[in-house]
Amino acid sequence: MADQKRILVMAVHKPAEALRMAAGLTLLDDAVTVASWGKLPESADVAEQMEALEFGDVPVVELDHTGDAVAVLARQILDNDLVYCV
């Protein structure tokens, strides 16, 4: 069996699609984390995917546009094996 990967999914331009992708990646038994650049939109698609991610204990972090957020994002990118920007 392969080693468990750490995967970061960045929700930038298509947040609902990024959340859907992250939910699908949980089927691989890899450690998945989601970071959103800005607040996630309030929509039915996003709410549905958030429910799936909560069920899978996937952390979702909403980053604001401050200097601290950039440092947090940089650390997350370095700490993960794979990064997807959607």
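Q: Why is Asp45 called partly exposed?
A: In this predicted model, Asp45 has a relative accessibility of 43%. Exposed requires over 50% and buried under 20%, so Asp45 is partly exposed. Asp45 sits in helix α2, which spans residues 44-55.

Q: What makes Asp45, Glu48, Glu51 and Glu54 a surface patch, and of which charge?
A: Asp and Glu count as negative, so the patch that these four residues form is a negative one. A patch takes residues with over 30% relative accessible area and no salt bridge, with like charges joined within 9 Å.

Q: Why is the contact between Glu17 and Arg20 called a salt bridge?
A: The N to O distance between the two side chains is 2.6 Å. The limit is 4 Å, so the pair qualifies. Both residues belong to helix α1, three residues apart, or about one turn of the helix. Glu17 at 37% and Arg20 at 34% are each partly exposed, because these values lie between 20% and 50%.

Q: How do you know that Glu62 and Lys39 meet in a salt bridge, and what does the pair tie together?
A: The distance from N to O is 3.8 Å, and the cut-off is within 4 Å. Glu62 is in strand β3 and Lys39 in the loop between β2 and α2, so parts 23 residues apart in sequence are tied together. Lys39, at 64%, is exposed because the threshold is over 50%; Glu62, at 39%, is partly exposed.

Q: What makes the phi of Asp29 and of Asp57 worth a remark?
A: Most residues other than glycine have a negative phi. Asp29 has a positive phi near 65°, and Asp57 has one of about 55°. Asp29 is in the loop between α1 and β2, Asp57 in the loop between α2 and β3.

Q: Are Asp29 and Asp57 buried or exposed, and how do you know?
A: Asp29 has a relative accessible area of 61% and Asp57 has 69%. Exposed means over 50%, so both residues are exposed.

Terms used: Residues numbered from 1 in each chain as written. Predicted model: local features only at pLDDT ≥ 70, side-chain atom pairs only at ≥ 80, totals over all residues. Heavy atoms only, no water. Patch = residues over 30% accessible without salt bridge, like charges linked within 9 Å, V, L, I, M, F, W, Y side chains within 5 Å. Areas by Shrake-Rupley, 256 points an atom, 1.4 Å probe, with all protein chains shown as cover. Charge placed at Lys NZ, Arg CZ, Asp CG, Glu CD. Helix = DSSP H or I, 4+ residues; strand = E, 2+ residues; numbered from the N terminus. Buried < 20%, exposed > 50% of the residue type's maximum accessible area, 1.4 Å probe, protein only.
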